[in-house]
Amino acid sequence: MNLAVPTQSTVAAIGRRIRVMIVDDAVVVRGLFSRWVEAEPDLEVVASLRTGREAVTQIERADPDVVVLDVDMPDMDGIVALPLLLEKKRDLVVIMASTLTRRNAEISLRALSLGAADYIPKPTSNQEVAGSVSFRHDLIEKIRQLGLRSKRLRGVLARTAIPGDAKTALPAHARSAGHETAHPPIALRAIPATPPRVLLIGSSTGGPQALNLIVAQLAGVITRAPVLITQHMPPTFTAILAEHLARAANCPVREAREGEEINAGTIYIAPGGKHMTVARRDDIAVIAIEDGPLINFCKPAVDPLFASAAAVWGSKVFAVVLTGMGSDGLHGAQAVVAAGGTVMAQDEATSVVWGMPGQVATAGLCSAVLPINEIAPRLTRVFAGEKA
């Protein structure tokens, strides 16, 4: 099965196939990953290694664009190898891979703060890894999209830089990005004069870093309105994310629970492996948790949250789409706009991947498309009733 989306166009854009190093102590996993990568016309495996120490030793010779780095390995594990790899190759894309345990979730999220571009949770057994279509799809697309963006940024880096205050607030793979691709002018909608009552946020690749930056500045919004977040993450990871965001926001943040009333002063996170939606019961807005099929290859997905919230709150909804691959959030954003609500997107320059926000921006659904460091201040003004 070939999962390639851009193939010849990807090769043409970067001048060569994306070079991939796979680092995992399990020979079965290395073999699977290698076969999947080599099946893609725009990707190639340049090294398949057992330990982090081997990766550090061979990084310069192999010259990969992307490293898929296991967390648990003998001799030198992934979290020790990560900074050593980035020290040897600053623009390297590192995707952390780990099984679904609390410890590995903590390590994977910590790795993002140390410069990893993203993470991918592995199924618990080799048989599940081999049989999971969604896992294969996610791995290949993360390698492709992050590798392609990194290659493009190398050309931009020498001639373009974003403002210093934004640069210092961003993860490594979103710094010095500039405007990567020429797009037609984005048509913006007016922000309604009536202050919104609820804030929705959807995010994926690069989302944990972006969410930490935003919620730390959202006190003026959180006291006025509930905040509901869907971040593409598996179980366990969302619980850890909630703990991290609670420290950043200094307010209650938790995985949402079925049937709980939605109130201002709390941030609700869609639980990993379930869709979070909104329902009205006895004229009260409550959380509804659904265990339906994947939507846009995701569970949780952004579209169900946005669409259900638009049905409950109508024009009082303010939805923000942050960095992420794919198009999840587009249909939900259309529902928000159709109900009279407002949509905002993160800009391309500060997005790790401008897939999700790019889809809603170029569709003409947004009232603002902003760098990550400008989003929270704008939201604070809008929710306070000020003219933005």
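Me: What is the bridge partner of Phe318 in E13?
Reply: Phe318 has Thr342 as its bridge partner in E13. The model is predicted: local features need pLDDT of at least 70, side-chain atom pairs count only at pLDDT 80 or more, and totals for chains, interfaces and linings use all residues. Residues are numbered from 1 along each chain as its sequence is written, and side-chain values use heavy atoms, without hydrogens and water.

Me: Which residues make up E13, and what do E and H stand for?
Reply: E13 is the strand of residues 342-346. Strands (E, at least two residues) and helices (H or I, at least four) are DSSP runs numbered from the N terminus.

Me: How many bridges join E12 to E13?
Reply: Strand E12 (residues 317-321) is joined to E13 by 4 bridges, and the two run parallel. Strands count as paired if DSSP finds at least two bridges between them.

Me: Is E13 mostly covered or uncovered?
Reply: Mostly covered, with 5 of its 5 residues buried (under 20% relative accessible area; exposed is over 50%, partly exposed in between; 1.4 Å probe, protein chains only). Thr342, Met344 and Gln346 are buried on one side, Val343 and Ala345 on the other.

Me: Why two sets like that?
Reply: Because side chains in a regular strand alternate between the two faces of the sheet.

Me: What stands opposite Ala345?
Reply: Val369 in E14. E13 and E14 (residues 368-370) pair in the parallel sense over 3 bridges.

Me: What is the order of strands in the sheet?
Reply: The open sheet has 7 strands, in the order E8-E9-E7-E6-E12-E13-E14, with parallel pairing. Strand E8 (253-255) and E14 are the edges, each pairing on one side only.

Me: New topic. At what angle do H3 and H4 pack?
Reply: At about 0°, with the axes of H3 (residues 52-62) and H4 (residues 78-88) 9 Å apart. Axes are lines fitted to C-alpha atoms, for helices over the stretch in contact, and angles run from 0 to 180 degrees between N-to-C directions. H3 and H4 are therefore roughly parallel (under 35 degrees; over 145 is roughly antiparallel, 65 to 115 roughly perpendicular, the rest oblique).

Me: Which residues of H3 and H4 meet?
Reply: Gly52, Ala55, Val56, Ile59 and Glu60 in H3 meet Ala81, Leu84, Leu85 and Lys88 in H4. Contact means heavy atoms within 4.5 Å. The residues of this contact divide into 6 nonpolar, 1 polar and 2 charged (nonpolar: Ala, Val, Leu, Ile, Met, Phe, Trp, Tyr, Cys and Pro; charged: Asp, Glu, Lys and Arg; polar: the others, Gly among them).
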